[in-house]
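I opened this entry to keep track of what I looked up.

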There are 2 protein chains.
Amino acid sequence: MSDWREKVKKVVPYIPGEQPQIKNIIKLNTNENPYPPSPKVFEVLESADASAFRKYPDPDSKELVGALSEVYGVDEKRIFVGVGSDDVLGMAFQTFFNSDLPVLFPDITYSFYDVWCDLYGIKYDIKPLNPDFTINPEDYKGENGGVVIANPNAPTSLAMGIDKIEEIIKANSDSVVIIDEAYVDFGGESALPLLDKYENLLIVRTFSKSRSLAGMRIGFAFGSEEMISYLNAVKNSYNSYTMNMLSIKCGKAALLDREYFKNTVETIIATRDKYAEVLKGMGFEMPKSSSNFYFAKHKTVDAGIIFEELKKRNIFVRHWNKPVIKDYLRITVGTDKEMEALCSALSEILKEQA
Amino acid sequence: MSDWREKVKKVVPYIPGEQPQIKNIIKLNTNENPYPPSPKVFEVLESADASAFRKYPDPDSKELVGALSEVYGVDEKRIFVGVGSDDVLGMAFQTFFNSDLPVLFPDITYSFYDVWCDLYGIKYDIKPLNPDFTINPEDYKGENGGVVIANPNAPTSLAMGIDKIEEIIKANSDSVVIIDEAYVDFGGESALPLLDKYENLLIVRTFSKSRSLAGMRIGFAFGSEEMISYLNAVKNSYNSYTMNMLSIKCGKAALLDREYFKNTVETIIATRDKYAEVLKGMGFEMPKSSSNFYFAKHKTVDAGIIFEELKKRNIFVRHWNKPVIKDYLRITVGTDKEMEALCSALSEILKEQA
């Protein structure tokens with residue numbers, strides 16, 4: 001007998017990083033910003049009027065798109081916004097990767113790319129990184145259904161130069177190339193200057209890292225006017241009102257406070273570079289980070305053990321039990337105080353494990 | 001030569017209802033609630049701390065799901081939440097309608113159903129309504145890939161009894177039957193009592209109408225634990241964090257203020273029934289509404305003319321230039337004051353057109 005279950009799309013659920021609900025933990029496991037959003041975001045909350053919530057939000061999020069246009073100097077028709085960069089990327093995979101050819105991305109990269117491919121039945125071909133974790137542009141020049149590169153890449157923390165990014169985009173005029181710039185504000189080189197030159201380029205960004213708004217879910221993309229129109233058509237065929245009223249306003253406020261943004265990012269970079277040296281002094285090896293996290297391996301002590309020992313001390317970092325990266329920890333850059341606490345816990349653990 | 005455009009999913013964009021940005025309009029075109037959300041929602045805003053926004057929200061929206069469980073007496077594992085009921089419905093179409101058989105729904109109903117089918121390549125077979133706009137359960141008993149019924153239906157405003165709903169669910173044990181209850185709080189009979197009896201039933205609801213939170217984008221669904229697990233797997237394969245921090249909190253607050261909810265809904269129903277008589281007195285014909293809107297046709301004056309004339313007077317209602325319903329206007333029930341203004345404008349227009 002037939003059953004409703006036969007008509008169900010069954011996917012292996014993606015398990016997001018831990019969001020422990022315990023108080024007083026040091027949370028360095030999801031690459032969140034250790035600083036609050038701009039004071040202008042607090043002002044938005046203070047002046048917000050809940051009466052307005054009875055109405056639908058602006059389906060075009062014009063206020064937010066307008067602010068993005070102003071800050072990045074990109075025409076409004078070339079900007080797409082969504083519920084975090086995951087929504088933007090998921091929508092882009094669905095919109096632009098429709099062929100029988102495989103989509104290409106590195107084997108070590110953001111772990112959602114293959115999940116979206118599985119969800120939408122998109123073929124993919126993963127390309128190994130070089131032994132030093134860099135990406136080889138040559139791997140992305142063959143026939144393909146699309147290319148996705150995270151730059152800087154995660155969890156490796158490594159940035160790729162714009163010259164190599166351009167090589168990849170140029171070699172793929174018959175595919176859309178998505179550059180996922182979630183971490184670019186912490187030291188990567190953006191592909192933004194290439195936007196006018198290549199109509200197959202889509203740049204995806206987020207408010208969750210450098211703008212301290214992970215909780216309000218805001219992502220965006222820059223592309224050619226034609227590409228953005230295809231994305232909006234798919235979005236409007238799914239849900240006209242994805243962006244809620246307060247996210248639109250908070251996003252705008254955070255964007256327009258350029259000074260606060262600059263200061264926060266600079267502080268995180270300074271902390272990152274300072275404690276990179278401290279960690280190296282403790283026997284950690286790591287590539288030079290262009291992001292707000294380290295990708296670190298200890299010379300002698302097993303990453304899994306360090307991960308568990310840190311957890312016992314209420315310090316959360318990220319560890320994957322995957323072949324190429326199982327010796328590494330991904331550690332978010334926190335405040336100086338948090339990094340001090342991390343280093344003191346690490347020195348205790350390393351002593352115990354010696 | 002090959003082109004990136006060949007790999008693009010091209011869909012005809014859905015055009016959402018007008019959201020005019022002019023002040024001092026009477027907006028009766030998108031079935032929004034004329035009253036603000038519960039005072040408890042205002043309190044959430046007042047006490048919210050923007051510092052928290054730097055972190056990701058709870059991917060499981062436990063606070064909101066817990067409140068839904070408490071208020072509706074449904075186990076948390078049987079509840080799904082999303083970015084408005086459009087997100088919930090879109091996700092459900094994607095999850096449950098995977099077969100070569102057509103999905104069935106009425107020809108006159110929520111206009112997004114065929115849009116989702118087109119987006120996901122789902123076949124569908126639309127069933128005409130009876131001449132009195134009621135739905136004939138017999139039409140939904142043949143072999144199919146799924147069934148979707150809006151109850152009360154839009155834009156007809158008519159509710160179907162739970163006995164007929166049960167007939168449809170019972171006849172379709174091999175398909176998922178979605179009952180879209182966006183308007184049920186205004187007088188429909190919910191399928192909720194059937195939830196324990198049928199594992200192929202999914203009930204979808206929204207905070208956008210009866211709970212005055214359209215701007216915060218909250219929808220939800222009740223189903224069997226197994227169905228909800230499939231929905232969550234698809235959701236988590238798309239975007240772990242769909243619900244932002246404030247929507248979770250506002251939704252919870254609105255839910256728990258049962259008194260305010262009851263009063264608001266009763267007030268809207270009273271206004272609806274009062275002005276239904278006034279409109280009938282002016283020559284309008286309409287089925288008995290079980291929703292927060294009228295589906296009204298004037299005996300002599302063309303609906304398109306009334307629509308345009310109202311618009312000139314800054315009163316917005318909805319009109320579709322579609323065969324079966326082109327003689328009808330969909331008019332949201334506003335406050336008594338708004339209905340007074342509507343009626344006085346209508347009487348002016350009808351006099352002019354007589």
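How many residues does the contact take from chain A and from chain B? I found 90 residues from chain A and 90 residues from chain B. Contact here means heavy atoms within 4.5 Å.

Ground rules next. I am working with a predicted model, where local features need pLDDT of at least 70 and side-chain atom pairs count only at pLDDT 80 or more, while totals for chains, interfaces and linings use all residues. Residues are numbered from 1 along each chain as its sequence is written, chains are lettered from A and ligands numbered from 1 in the order in which they are written, and side-chain values use heavy atoms, with hydrogens and water left out.

**Interface**

I looked up the area buried between chain A and chain B. The value is about 7300 Å², and carbon and sulfur atoms give 58% of it. Buried area is the accessible area (1.4 Å probe) that two parts lose on being put together, summed over both. In chain A, the residues that lose the most area to chain B are A:Trp4, A:Lys7 and A:Tyr238. Together they make up 13% of what that side buries.

Four salt bridges are counted between chain A and chain B. The term needs a side-chain nitrogen of Lys or Arg within 4 Å of a carboxyl oxygen of Asp or Glu. I noted B:Arg5 with A:Glu199, a salt bridge at 3.1 Å, N to O.

Which elements give two or more residues to the side of chain A that touches chain B? I listed α1 (39-47), α3 (84-96), α4 (113-120), α6 (225-236) and α7 (245-256) of chain A. Helices (H or I, at least four residues) and strands (E, at least two) are DSSP runs, numbered from the N terminus. The largest share, seven residues, comes from α3(A).

**Symmetry**

I superposed chain A on chain B. A rotation of 180 degrees with 0.0 Å of shift along its axis does it, at RMSD 0.0 Å. The two copies are thus related as by a two-fold rotation axis.

**Sheet and helix in chain A**

I traced an open sheet of four strands, ordered β9-β10-β13-β12 in chain A, with antiparallel pairing. Pairing needs at least two DSSP bridges between two strands. The edge strands are β9 (284-285) and β12 (318-319) of chain A. Two bridges join β12(A) to β13 (residues 328-332) of chain A. A:Arg318 has A:Arg330 in β13(A) as its bridge partner.

A:Lys312 forms a salt bridge with A:Glu309, with the closest N and O atoms 2.8 Å apart. Why about one helical turn between A:Lys312 and A:Glu309? They are three residues apart in helix α9 (residues 303-312) of chain A.

I found a cis peptide bond between B:Asn151 and B:Pro152, with omega about -5 degrees. Another joins B:Ala154 and B:Pro155, with omega about 0 degrees. B:Pro152 is in the loop between β5 (146-150) and α5 (162-170) of chain B. B:Pro155 lies in the loop between β5 and α5 of chain B.

Methods:
Least-squares fit on C-alpha atoms with pLDDT ≥ 70 in both.
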